[in-house]
Amino acid sequence: MSQESLNVERLAGRYGFLAHNGLLPLPSKDGITLVVELSRLEYASVCLPLLLNHSGTSVTIIAVAMTPHFPLETLASQFSSEERILLLPFEPEDMVNKAFAVIETTFAVLLEDSIMVSAGWLSELMWVIADDAAVKIVAPCSASESGEGKKRLHFGTYLEMATHVSFSLSRNQGEWRQVEVLSGSCLLFTKDLIQQIGGLDTSLQVRHLIIADWCLRARQVGARLALSDAVYVHAIHSLDTHLRKLDEHKQDMGWQLYCQKWSLESNLESSKDNVTHLVPHSDFLNSKQQVIPLSNGIEIGPIVTAIVYGDGIWESGEDREYWQEMQQQSYKNIRWIWIRELLVNADLPFPVNEHAVVISVSGEVAWLQALKNAPLLYEDEIILYLSGSVRYGHRYIERVVKAITQGSANLIVSISTEMEEADVHLLAGDESEIVLPLERVAYTRGVIPGRISNKDANTRQLQLLAESSLRIGYIGDFSEVIGSRTESRTGKEAHQ
Amino acid sequence: MKYLILSGGTWAEYEYKRLLDLLPEREEVCFVGRMSSEEQSSSQIKAITVAAIHSLNAEDYTMLVSSPYWLSEALSIQAGYVVALLEHCPEKENKQLWEKYSSLLGAMADLVGTRSERIYLELSLHREYVLYLAGDQQESYGVVYQGDRLYFLTDYEVLWRKALEALWQQLSTPSYEWETIQLELRADYYLTMCVKLPSQPVVHYLAASYLYLLGDRAASRYLAHSLELMILHDYLDCLHSHFRFFSAIEAKLGNLETAVQQYAITAITAEEKVELERMQRLLHTGEDELVRAELFRVNEDEAAAIRILQPLSSLDAKALLIRNYTRTFQWEKALELQYELEGAVDGAMEGTLHLLYGRRHDAIRSFLNAVGQNNEAWPLLSEMADLEEAVREMKRRVEG
């Protein structure tokens, strides 16, 4: 055995020891939110304590009453005020979407109160997304899952189940597979997915169809779905006759609507076990279903790739603090890419959040290359450049997105004080190009914005030589350039 | 709630240990028989002797009886509630004796549970409050903490708890809710099986049986398919078992003329022809309720017949009720009505009840009186001796 493989094996052993003893933190800096659908008190009063015990310390629970008569106060009396549970009373609106709207963490789980979890369940699911960033939804195996994920296991006691899961985790750790659809009672997902596709389409009435629909919509925006072979959660079914009868009617209605939405043959029997019926022909990936807005008036907008560049600008603590705050934009649907010059500030702490991508380059050629290629990293709808030398307002990106989505321009320039004063907003260029400061430019995917180049040989100030054929729109902004520190004026909207 | 367990053997042999773990509102559980201190501590169950039963304040206890040979003891204790756990006759037991006293135990219990689907179906046609203590569902349908242990419950375990709770709250809860749930579960299971095993007549027959008990008109369709399959497989001896069943289904749907016509096709023996004539006469005179009750009785659905007849006050209705009570081993009710109507009672039934209530002398006298009626006395006296021996043997076994 080579030294390298010996080391890998040893490290794996150490990791296994930490994992087995519950010493590993969740692979997420900002914790995780568990959205629990409350339907039956007798289940919920067991489910929630198990979630608190087995999900680590950085978990927040949002438990939503799914029926008007759910005894929320009785349930609340079981928990102390220190416990991280937010109980949302029933309201006649989409309760899950309402809960989705208040998720603040990068990862979240949606589960029914009939799901019983055991040690190690959560981190194993989260690691799947760490393994493959394209995976946006992960489900454990359970009796309520469909297809390959459906496991009908009998356990007389919780202890038997926990022993089985512990064995499964040690034997199948790290094993997962990509699947076509998920429809069960427990799903882990990334928050940015909500921003891309919105909430659940409750018009479909039947839960497993609502979940399947959400998963198919996720696939339409390029997300992958995964099933963890290692994690099993125990689903408790209901014997409630009234609900079962009601379900039969809803099942038919929901199935008809689902078939209509996904152009499926409705004469096929809807079955949770038969997953193939839930997945339409592969053509569906070429189109996109409507985004379902969440509650609380929160609107879902397009995802923005924000590319931040600059050199030597994060040297002061004040600057770093500013950039950390700057990332808390009023517009939330942003993916951050940072381009960092190693020769200048290799050892400085970097003010990025944990999910941002940092491209470290060395030398000017590589730097320009990175700026040119960064938009290709994601397929987001809007690409926006930000310079580390400029201070942008809290609502800057929101205003850019608004200008693009509400107007007809496919390239937006925010006019700065300096630009207006120096009359540089229509910079000189030849007839085919307009020269624009790169740090004030945003454009929609699908257009070729032009070439990026240095403003002059002595600085790293960049400009975009934009194609004159583009529909360019101008907006005012609140930004200021570091150094001048002049108070910026209220900008004017200047759509061209 | 306090529970008293009367088993047919030792603690080690006791087959309902898990059901004891899941007893609702469990405070004290006493097991009659030997248990080691470790067994008592791990199960949280107290062992008591047979003699100690009588020192308990029995009214506070729900008694779980799993041997018919405890019947006499159970009657004398007068526990708050009696739950009979009925089983097929064990190999070493006298089958006739076991089945007779099991039926009597089943009739006098407040609730009957069984792990045999055959017994479950038979008893569902005899009485209310019958629970099937097995199932085909692997999944869990409930969770419950007992102490610090969390249990996952199967469908029938959830119903076991519901049935016991309903027993104590009979007046305040909707009646038979749990029974309907179980019938629906069984029907669903067999309907699924019909799809998987489309050429099995038994599966279709059982689907029809559960649908019939639920009052679902689809029963007729499944019965017809079962009959077709029987004939297709050359099982031609199905006139009574299958074709007659149509008459019960039609009677349940209120189609009495069709039902009587269907019964007529199956009325072969002289006795059956007499029954038919009576039904036709009653139908002619517009006594529809009596016709329905008779159609149910000839289809062995005495529970349905009793439900119809109980509120009726006519002499004919009471006479029919006696037959149904007798067939379903509700002998006390049968004798009471018999005495009211005829001024005399069946000696065999009366003697058996005297025996069970510990009135041995009265029992012998009743059995001897029965000689004059139909020469049943000597077999009954012999059976009495067999029963006494079986009870002694069981107590020896229980106390190790």
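**View 1. The salt bridge between chain A and chain B.** In this predicted model, one salt bridge is counted between chain A and chain B, a salt bridge being a side-chain nitrogen of Lys or Arg within 4 Å of a carboxyl oxygen of Asp or Glu. The partners are Arg152(A) and Glu139(B), whose closest N and O atoms lie 2.8 Å apart. Local features need pLDDT of at least 70 and side-chain atom pairs count only at pLDDT 80 or more, while totals for chains, interfaces and linings use all residues, and side-chain values use heavy atoms, with hydrogens and water left out. Residues are numbered from 1 along each chain as its sequence is written, and chains are lettered from A, with ligands numbered from 1, in the order in which they are written.

**View 2. The side of chain A that touches chain B.** Here 23 residues of chain A are in contact with 20 residues of chain B, where contact means heavy atoms within 4.5 Å. The elements giving two or more residues to this side of chain A are helix H2 (41-54), helix H6 (158-172), strand S10 (234-235) and helix H9 (241-262); helices (H or I, at least four residues) and strands (E, at least two) are DSSP runs, numbered from the N terminus. The largest share of this side, four residues, comes from H2(A). Between them, the two chains bury about 1,800 Å², 64% of it on carbon and sulfur atoms, buried area being the accessible area (1.4 Å probe) that two parts lose on being put together, summed over both.

View 3. Thr154(B) sits in the loop between strand S9 (149-153) and helix H6 (155-168) of chain B. Thr154(B) counts as buried because its relative accessibility is 6%, and the classes are buried under 20% relative accessible area, exposed over 50% and partly exposed in between (1.4 Å probe, protein chains only). When its neighbours within four places in sequence are left aside, Thr154(B) is in contact with His154(A), Glu139(B) and Tyr141(B).

**View 4. Cysteines without a disulfide.** A search of the whole structure finds zero disulfides over all chains, a disulfide being a pair of cysteine sulfur atoms within 2.5 Å. For Cys186(A), the nearest cysteine sulfur belongs to Cys47(A) and is 9.1 Å away. Cys186(A) counts as buried, at 3% relative accessibility, and Cys89(B) is buried too, with a relative accessible area of 19%.
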